Amino acid sequence: MDLNKQVYQPDRKNNPLFGLFLFLVSVILWILTTPFGFLYGIFHALFTKGLRGLGNYFLEIAVSLDQLGNVTMQHLLNDIWAKKGGYKFGNRDETISSALGRNHQLRRLTVLGKVTERSLHYIDPEHAFNSIDYYVEPTIQIIEKLAWIHLVEGKLFCIRRKEDRLYQIPGGVWEGNQLDALVLISQIKNDLGVSLQPSNMDFIGIFEAPADGRRAVLFERKNCYYGKFEGAMRPSQEIVEQAWLNYSDHTKVSQVDALIFDFLRDKGKLT
């Protein structure tokens, strides 16, 4: 399978006047071209895919408008919906509902934010939580990691580092300029002395949960892979303990790892 992923690059610092110029040009082009494109899109969707196609077209527009609103109203929403230290609105790849859902998870919504979340819940149950987008680009508030899932007889291999009180699934922090496979292979080699083979690695899924005890980081996200290895385990000095955990041990790991435990149990792979 393809182990590549889109590389995130931080925004470059631009001249404020250049940003204003691009904004004005974008608004002018939007006013001149959008009505024609919108009408064409309606007829194209209707005649090629019928009412279902038209509905999907409107849904795509709604999501885009939601993302635009998240950027346009970020300062207002950060002041009236999120408490101090909450998850910031304003990610250009994220909808307002997704950011609202993350703050709901963190219990960092203001009274007005809670009223908004509950109102959406009555219209669409768990709307904010279900709207959380786990594929948005990582920010200073979301740390992205890679995890190696190694199972034997219904138990999951975990480690504990010197500075940690909880066990964790082996892996490392994702680096934006490298492929998942290369980062994970390097980290496992450094930590455990064994070699993963890219041809044997299979993507499992992405899991995200509130981070445990970190200041700037609010959420921890893990991209998980199965993978066979070669060699004998030789843990580094940073690893003080190795353990084979089953589902009953999910309280001994972080919140995001506990989600992975849930997933593996539901798949019948973890006892």
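How many bridges join strand β1 to β4, and do the two run parallel or antiparallel? Three bridges join β1 (residues 142–149) to β4, and these strands run antiparallel. One of the links is between Lys145 and its bridge partner in β4, Val173. Two strands count as paired if DSSP finds at least two bridges between them, and helices (H or I, at least four residues) and strands (E, at least two) are DSSP runs numbered from the N terminus.

Before going on, keep in mind that this is a predicted model, where local features need pLDDT of at least 70 and side-chain atom pairs count only at pLDDT 80 or more, while totals for chains, interfaces and linings use all residues. Residues are numbered from 1 along each chain as its sequence is written, and side-chain values use heavy atoms, leaving out hydrogens and water.

Now zoom out to the open sheet: four strands in the order β4-β1-β7-β6, with mixed pairing. β4 (171–173) and β6 (202–210) stand at the edges with a single partner strand each, so one side of each has no neighbour in the sheet.

Helix α6 (residues 180–192) packs on this sheet, touching β1, β4 and β7 (219–226); contact here means heavy atoms within 4.5 Å. The direction of α6 makes about 70° with that of β1. Such angles run from 0 to 180 degrees between N-to-C directions, with axes fitted to C-alpha atoms, for helices over the stretch in contact.

Glu94 is buried, with a relative accessible area of 0%; buried means under 20%, exposed over 50% and partly exposed in between (1.4 Å probe, protein chains only).
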